[in-house]
Amino acid sequence: MDTALPDLAARNLGGSVLAANDEFFAEKENLIKPGPPVFRPHTFTPKGQEYDGWETRRRRGVPGQDWVIVRLGVPGIPRAIVVDTSFFKGNYPEQATVHGAALAGYPTEADLDAADWIELVPRSPLRGHTQNEFGVETSLRITHIRLTIHPDGGVARLRVHGEPLPDPRDLIGVPLDLAATANGGRAVQASDGFFSPPDNMLQPGESKYMSDGWETARRRGDGNDWAVLRLTAEAIPRVIEVSTLHYKGNSPAGATVWGRTPGTDWAPLLPNTPLLPDTGHRFPVPEPRPVTEIRLDIHPDGGIGRLRVYGPLTTAGRHDLALRWFNALSGSEAKAVLQAHGLAENDAIALLHVRPATQLPAVLRELGRDTFPAPE
């Protein structure tokens with residue numbers, strides 16, 4: 001189960017809860033709070049005990065089910081979904097179904113109603129006061145999630161763990177943080193994440209407190225801690241920012257940054273450089289080179305609030321990102337993209353039959369150039 005992947009729906013990544021048919025007892029926005037659910041006994045409102053989650057009223061002979069729609073903060077390919085019913089013990093739903101859709105721009109309620117929703121998690125039983133985990137088998141890029149509960153009840157949190165996959169048209173000609181989750185970056189390996197995981201470093205904005213960054217346990221032996229990050233695509237890092245904000249007695253003494261492409265050895269991007277506590281650091285890369293992954297070594301251990309890696313995608317990187325994006329579009333989306341770039345309908349349909357494509361269709365080659373216009 002890929003629950004170690006970023007939560008694409010998280011509020012701190014820009015996720016939002018757009019609509020629900022009912023939220024009588026507890027508000028729908030609670031579903032995507034970044035922290036774990038909490039319970040405070042004997043906290044009553046005029047509607048009853050207050051719960052940290054989304055809770056609908058009891059259905060009394062009324063057929064149907066309740067639903068909520070979430071816009072992902074970062075579009076991507078879902079790999080695992082968690083329907084967390086923590087503290088809902090006698091009032092959790094019996095079952096749940098999860099659907100996903102891909103919509104461009106900022107869809108209206110009418111657009112959501114007319115969307116082509118695909119099933120990600122079939123109707124499945126839930127247990128109360130449990131993190132109910134479900135694997136997802138799809139190759140499609142998703143922007144919105146619809147959770148349906150059967151027939152009613154309460155859900156504390158909804159987590160949508162997956163591989164971030166940005167629209168390449170949004171990244172052309174703009175300053176790019178190659179490591180940011182919103183741009184497709186993610187942590188793939190780390191020596192330690194005892195206090196908090198390395199993906200926290202890649203969140204938007206400044207860190208808010210110590211647990212909002214990456215922090216390792218105290219190291220008692222030799223060596224140092226490290227994290228490997230996969231960038232948006234092949235790129236040339238030119239500036240690296242390392243923030244130790246909020247880490248005062250537990251910041252690393254120094255940091256080293258390495259880079260590589262598949263099949264090559266790690267090469268230095270930033271030599272071992274001293275770090276100060278509770279400080280934002282900005283370092284130019286002495287010898288920029290194309291890489292797809294970086295490794296941040298901290299000496300010997302401690303906490304990093306944010307890591308930013310600025311630089312342009314290479315031509316190969318832009319083509320790779322565009323190809324992954326094109327292969328992850330639904331059939332109707334891919335057809336619309338091809339036709340928008342001048343391909344006849346029959347030719348577009350013919351191209352869809354050979355997906356996943358191994359190379360970018362000729363009409364989309366301009367995606368690999370910085371002059372490609374952003375979508376309207």
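User: How much space lies in the largest cavity?

Analyst: About 40 Å³. A cavity is a set of points on a 1 Å grid over the protein atoms alone, where a 1.4 Å probe fits but cannot get out. Points are joined across faces, edges and corners, and the volume is the space filled by probe spheres set on them. A search of the whole structure finds one cavity of 30 Å³ or more. This is a predicted model, in which local features need pLDDT of at least 70, side-chain atom pairs count only at pLDDT 80 or more, and totals for chains, interfaces and linings use all residues. Residues are numbered from 1 along each chain as its sequence is written, and side-chain values use heavy atoms, with hydrogens and water left out.

User: Which residues line the largest cavity?

Analyst: Lining residues have an atom within 4 Å of a point. Here they are Pro37, Val38, Phe39, Tyr51, Asp52, Ser86, Phe87 and Phe88.

User: Now sheets. What is the order of the three strands in the open sheet?

Analyst: Strands of a sheet pair through backbone hydrogen bonds, either parallel or antiparallel. A strand is a DSSP run of E, at least two residues, numbered from the N terminus. Two strands pair if DSSP finds at least two bridges between them. The three-strand open sheet here runs 18-15-21, and its pairing is antiparallel. Strand 18 (280-284) and strand 21 (306-310) are at the edges with a single partner strand each, so one side of each has no neighbour in the sheet. The twist averages 10° from one strand to the next. That angle is taken between lines fitted to C-alpha atoms, in N-to-C directions, on a scale from 0 to 180 degrees.

User: Over how many bridges do strand 15 and strand 18 pair?

Analyst: Five, in the antiparallel sense; strand 15 covers residues 239-243. One place to look is glutamate 241, whose bridge partner in strand 18 is arginine 282.

User: Where does threonine 244 lie?

Analyst: In the loop between strand 15 and strand 16 (254-260). Threonine 244 has a relative accessible area of 0%, so this residue is buried. Leaving aside neighbours within four places in sequence, its contacts include Ser251, Pro277, His281 and Gly303. A polar atom of the threonine 244 side chain is 3.1 Å from the backbone nitrogen of aspartate 278.

User: What is the order of the five strands that form an open sheet?

Analyst: The order is 12-14-19-16-17, with antiparallel pairing. Neighbouring strands are turned by 20° against each other on average, direction ignored. Inside the order, strand 16 and strand 19 (residues 291-299) pair over seven bridges in the antiparallel sense. Glycine 259 stands opposite isoleucine 294 in strand 19.

User: Which strand does leucine 269 lie in?

Analyst: Strand 17, residues 267-274. Leucine 269 counts as buried, at 2% relative accessibility. Among the residues leucine 269 touches beyond four places in sequence are Trp258, Gly259 and Ile294.

User: Which residues form the covered face of strand 8?

Analyst: Asn132 and Phe134, while the uncovered face holds Gln131, Glu133 and Gly135. Strand 8 and strand 5 (residues 66-84) pair over five bridges in the antiparallel sense. Aspartate 84 stands opposite glutamine 131.

User: Last one. Where is the place of aspartate 7?

Analyst: In the segment before strand 1 (16-20). Aspartate 7 counts as buried, at 12% relative accessibility. A polar atom of its side chain lies 2.9 Å from the backbone nitrogen of valine 160.

Definitions and conventions:
Helix = DSSP H or I, 4+ residues; strand = E, 2+ residues; numbered from the N terminus. Buried < 20%, exposed > 50% of the residue type's maximum accessible area, 1.4 Å probe, protein only. Polar contact = N/O pair within 3.5 Å; in protein donor to acceptor, adjacent residues only side chain to side chain. Contact = heavy atoms within 4.5 Å. 1 Å grid on protein atoms, 1.4 Å probe; cavity = no way out; pocket = protein on both sides within 12 Å on 5 of 7 lines; lining within 4 Å.
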